[in-house]
Amino acid sequence: MLQDKYAQVRLISKPDNMLKTIYTACRTCYSADSPLNIYDCDSAQNEEKMLKLINKVVSSGHYSTIEHIQVSFAISNISRACSHQLVRHRHMSFSQKSQRYVKEKGQFDFLIPESIENNPDLNRKFNVLMSEISKFYIELTETGIPAEDARAVLPNAASTSMVASLNLRELIHLANLRLCTRAQKEIRILVKRMCDELIKEEPWLKDYLVPKCERFGYCDEDKSCGRMPVKG
């Protein structure tokens with residue numbers, strides 16, 4: 001079992017000129033001037049003025065202007081269950097640790113959901129089961145079964161790692177959905193750590209990388225947690 005039961009995340013790539021790039025995209029839509037001149041001259045103005053236009057454009061739903069920004073994260077210490085949820089997001093790119101090419105040589109790392117971990121009896125049984133699965137996996141591989149077939153016995157609890165990349169529009173969408181209290185705790189923590197990593201570099205994004213109810217002022221889920229009024 002892994003000691004740290006939550007995701008380890010680091011932002012490994014982002015544009016140095018994020019704000020300037022988005023501003024240029026926004027300004028281009030409403031200017032007769034060329035994008036080159038806007039980028040070289042017009043966007044030399046102060047950050048407050050650039051943010052004012054960006055907020056106006058994005059709040060109006062013109063999200064193409066933030067699709068030009070690509071960010072990449074190194075992610076580890078998450079379960080395969082969590083990664084299966086993450087890869088459902090359509091506009092992301094992933095390079096994930098392969099259970100086909102990476103053979104487990106001892107007890108595989110795994111994560112225990114908090115609800116199970118907090119129950120001593122179930123927690124003990126869970127650990128015993130992981131140990132038994134590991135032993136059978138090793139028996140399979142030692143008798144010549146390829147790792148790509150032996151992996152069939154590995155559970156959703158098995159840990160994985162990946163590099164994940166996405167544009168800013170998709171990251172905002174990811175945050176709006178997965179920071180909701182109705183999302184599973186593990187992916188909420190993963191996405192929060194992804195957002196926090198970028199906000200450290202770009203503090204102006206803190207108002208966008210939030211649950212959707214905080215952005216829109218209402219809840220549209222069929223079962224609300226009660227933080228915001230339910231959409232009528």
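Guide: The largest nonpolar core has 44 residues, of which Ile75, Leu168, Leu171, Leu190 and Trp204 touch the most other members. The elements giving two or more residues to this core are β1 (8-13), α1 (18-29), α3 (47-59), β2, α4 (80-86), β4, α8 (168-178) and α9 (185-201). With 7 residues, α9 gives the most to this core. This is a predicted model, in which local features need pLDDT of at least 70 and side-chain atom pairs count only at pLDDT 80 or more, while totals for chains, interfaces and linings use all residues. Residues are numbered from 1 along each chain as its sequence is written, and side-chain values use heavy atoms, with hydrogens and water left out.

Visitor: What makes a set of residues a nonpolar core?

Guide: The set must consist of buried Ala, Val, Leu, Ile, Met, Phe, Trp, Tyr and Cys residues joined through side-chain atoms within 4.5 Å. Buried means under 20% relative accessible area, exposed over 50%, and partly exposed in between, with a 1.4 Å probe and protein chains only.

Visitor: Which residues is leucine 168 in contact with, leaving aside its neighbours within four places in sequence?

Guide: Contact means heavy atoms within 4.5 Å. On that basis leucine 168 is in contact with Ile22, Ile66, Ile69, Leu198, Trp204 and Leu205.

Visitor: Why is β4 called mostly covered?

Guide: In strand β4 (residues 159-167), 7 of the 9 residues are buried. Strands (E, at least two residues) and helices (H or I, at least four) are DSSP runs, numbered from the N terminus.

Visitor: How do you know that β2 and β4 pair?

Guide: Two strands pair if DSSP finds at least two bridges between them. Strand β2 (residues 70-79) and β4 have 8 bridges, in the antiparallel sense, so they meet that definition. Isoleucine 75 stands opposite methionine 162 in β4. Strand β3 (residues 92-96) pairs with β4 over 5 bridges, also antiparallel, and serine 93 stands opposite serine 165.

Visitor: What is the order of the strands in the open sheet, and why is one side of β1 and β3 left without a neighbour?

Guide: The order of the 4 strands is β1-β2-β4-β3, with antiparallel pairing. β1 and β3 stand at the edges, each with a single partner strand, so one side of each has no neighbour in the sheet.
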